[in-house]
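Dear colleague,

Please find below the structure that I am handing over to you, together with its sequence. My notes on what was found follow it.

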Amino acid sequence: MRDTNSDFRTPDIALAAYLILSGYSLHSISQSNRGRATFLLQRTPDLDRNAIDFVNRRASVEPLAFLDTLKTLKAMASSGGLGGHLQ
């Protein structure tokens, strides 16, 4: 069993897509009783800084890759699994 303290959790699909494109690993997607997805990524020492950069609009990724990753995450969240490939 993995130590969940080492995971970064976010319900924000755009933030999750940005972090994945920035090289962070998606571990899983959990669903709440209301069907809301939470994305779990591997926490690293610089992940919080990158998340703050995203919120403060100082982050940059390739736009089409971002859109593709958003679509992939949405499909994965709605199907309840990690069957898709993100790279």
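Strands here are DSSP runs of E with at least two residues, numbered from the N terminus. Please bear in mind that this is a predicted model.

On that basis, strands E2 and E3 form a hairpin, with 5 residues between them. Strand E2 covers residues 26-31 and strand E3 residues 37-42; the two run antiparallel and are joined by 5 bridges. Within this pairing, Ile29 stands opposite Phe39 of E3. In the turn, Gly35 has a positive phi of about 85 degrees.

A search of the whole structure for aromatic pairs finds 1. The pair consists of Tyr18 and Phe54, and it counts as stacked because the ring centres are 5.3 Å apart and the planes lie at 25 degrees, where stacking requires planes under 30 degrees apart. Tyr18 belongs to helix H1 (residues 13-21) and Phe54 to helix H2 (residues 47-55), so the pair ties together parts that are 36 residues apart in sequence. Tyr18 is buried, at 6% relative accessibility, whereas Phe54 is partly exposed, at 21%.

Helix H2 also has buried residues, namely Leu47, Asn50, Ala51 and Asp53. These residues are on the same side of H2, because they cover an arc of only 160 degrees around the axis. Among the elements that cover them are strand E1 (7-10), H1 and E3. Just after H2, Arg57 takes a positive phi of about 60 degrees.

Yours sincerely

Notes. Residues are numbered from 1 along each chain as its sequence is written. This is a predicted model: local features need pLDDT of at least 70, side-chain atom pairs count only at pLDDT 80 or more; totals for chains, interfaces and linings use all residues. Side-chain values use heavy atoms; hydrogens and water are left out. Two strands pair if DSSP finds at least two bridges between them. Helices (H or I, at least four residues) and strands (E, at least two) are DSSP runs, numbered from the N terminus. Rings of Phe, Tyr and Trp (its six-membered ring) pair if their centres lie within 6.5 Å; planes under 30 degrees apart count as stacked, over 60 as edge-to-face and the rest as tilted. Buried means under 20% relative accessible area, exposed over 50%, partly exposed in between (1.4 Å probe, protein chains only). The arc is that of the directions from the helix axis to the C-beta atoms. Contact means heavy atoms within 4.5 Å.
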